[in-house]
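Dear colleague,

Please find the structure below, handed over for your records. My notes on what was found in it follow directly after.

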Amino acid sequence: MGMRSRHPKALGFRCYPASHRSLTLVLWSLAALVVVVNFHLLIIHKEEAESMSTHEIRRSIMRELEVVEEEKFRLSPPRSRRNPRAVRRKGEKKPPTIVDEFLDQSSAVHDMFFPELNTAVDPINGGNDSMYFYYPGRIWLDTDGKPIQAHGGGVLYDKRTNTYFWYGENKDGKTYKAHSKGADRVDIIGVSCYSSKDLWTWKNEGLVLRGEEKNVTHDLHKSNVLERPKVIYNDRTGKYVMWMHIDDANYTKASVGVAVSDSPTGPFTYLYSKRPHDCESRDMTIFKDDDGKAYLIYSSEDNSELHIGPLTDDYLDVTDVMRRLLIAQHREAPALFRHEGTYYMVTSGCTGWAPNTALAHAATSVMGPWETLGNPCVGGNEVFRSTTFFSQSTFVLPVPGLPGSFIFMADRWNPSDLIDSRSDVDAGFVNVQFFEFALKSDKTLWPFGRGVVVIHSS
């Protein structure tokens with residue numbers, strides 16, 4: 001009995017360690033599997049949370065901006081019910097509109113939209129270090145503490161240096177009229193360039209294309225007009241190509257100009273001017289598509305319609321192909337971008353320096369046909385929406401790190417003192433069904449760093 005009892009014990013002893021090792025291995029394998037699964041679920045949950053957070057931010061912003069708010073400034077008194085002809089016969093003047101007061105440098109309304117220098121946006125010396133705020137219409141200072149001079153411009157993101165370059169008209173000169181019936185103007189000084197890594201602090205890179213002081217026959221002579229410079233990079237040639245509106249003081253030349261450089265900070269070499277497709281060209285822009293093809297879009301035929309045509313492979317000229325858009329609609333200041341296979345364009349009416357109602361347009365092909373969608377502005381009150389928040393479109397920049405979001409750039413012109421014209425920069429969210437920009441007079445979205453967005457109410 002004893003022997004039999006000890007033998008099974010010995011047998012059990014021999015078999016137990018093997019079973020123990022197998023069970024331990026299984027348990028550790030299960031534990032590792034649980035850790036891997038939980039880690040995977042954590043990553044998925046985090047991505048979903050971030051995605052939901054982004055979508056929720058967009059929905060929240062759109063819901064907020066769809067609420068019509070009462071802006072606190074004096075509206076124009078109602079027009080008289082008397083016959084306008086009778087009013088004119090008696091010599092009575094019509095009451096000024098809000099736009100009239102906006103353009104009148106002596107009015108209180110004007111002061112609201114052009115605050116003093118002591119309210120300037122100063123990324124270096126002012127504001128909260130942890131959150132970046134931008135206030136549309138305020139003077140924006142560069143890293144030297146001087147107001148940014150880059151009107152009617154656009155932004156190029158240079159992938160080679162991971163740097164943004166903002167090009168625009170330098171209007172740091174005296175405002176005057178070339179003749180009594182002429183438009184307010186500033187002598188051509190040149191094209192300014194500012195560089196930034198975060199779209200917030202901008203370093204002045206100087207004049208990358210200078211005006212001409214002495215040669216009166218030169219397109220860039222100070223007595224002429226240089227407007228709306230835009231720069232794109234040619235991947236094939238390695239050149240930075242600038243296109244701009246070139247005109248004389250009476251706006252009868254109606255041409256485009258082309259300049260080129262080996263560096264985004266210039267200097268740019270001016271090449272020539274011409275009327276593209278033998279047509280007048282005034283307000284214009286260029287657009288580089290995802291496939292590398294570039295296009296010129298310009299207002300033509302006395303600004304009654306827009307024309308669009310592809311550039312040559314080196315971006316230095318237009319091809320013979322051209323399409324007419326928005327015929328008899330009198331639109332200018334085009335700004336194009338693309339989102340999920342659809343091309344969008346924002347334009348303004350033709351009212352000189354005075355603000356007007358923006359229109360949005362869409363097409364499945366950049367060459368058209370284009371469909372007009374209506375006024376893209378939301379929020380504020382009717383006056384703000386009907387004046388594009390007292391500004392005029394110039395460029396739309398995709399927001400890095402936030403696919404489907406775009407920065408809408410516009411100019412708030414001050415015709416009586418063009419050097420004091422301001423930037424209106426707002427982020428817009430593309431809603432595929434409704435196409436609504438979040439253009440807002442007192443709430444601004446501004447990306448910085450890695451695509452983070454700050455919402456601030458002034």
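In the hairpin of strands E12 and E13, four residues lie between the strands, and Glu301 takes a positive phi near 50°. Strands here are DSSP runs of at least two residues (E), helices runs of at least four (H or I), numbered from the N terminus. This is a predicted model, in which local features need pLDDT of at least 70 and side-chain atom pairs count only at pLDDT 80 or more, while totals for chains, interfaces and linings use all residues. Residues are numbered from 1 along each chain as its sequence is written, and side-chain values use heavy atoms, with hydrogens and water left out.

E12 (residues 294-300) pairs with E13 in the antiparallel sense over six bridges; two strands pair if DSSP finds at least two bridges between them. Ser299 has Leu306 of E13 as its bridge partner. Leu306 also has a bridge partner in E14, namely Leu325. E13 and E14 (residues 323-325) run antiparallel and are joined by three bridges.

E13 (residues 305-310) is mostly covered, with six of its six residues buried; buried means under 20% relative accessible area, exposed over 50%, and partly exposed in between (1.4 Å probe, protein chains only). In a regular strand the side chains alternate between the two faces of the sheet. In E13, Glu305, His307 and Gly309 are buried on one side, and Leu306, Ile308 and Pro310 are buried on the other.

A search of the whole structure also gave 17 aromatic pairs. Rings of Phe, Tyr and Trp (its six-membered ring) pair if their centres lie within 6.5 Å; planes under 30 degrees apart count as stacked, over 60 as edge-to-face and the rest as tilted. One of the pairs, Phe287 and Tyr343, is edge-to-face, at 6.1 Å centre to centre with 85° between the planes. This pair links distant parts of the chain, since Phe287 is in strand E11 (residues 284-288) and Tyr343 in strand E16 (residues 342-349), 56 residues apart. Both Phe287 and Tyr343 are buried. Phe337 and Tyr344 form a stacked pair, at 5.5 Å centre to centre and 25° between the planes, and both of these residues are buried. Elsewhere, ring pairs link Phe102, Phe113, Phe114, Phe384, Phe389 and Phe390 into a cluster.

Yours sincerely
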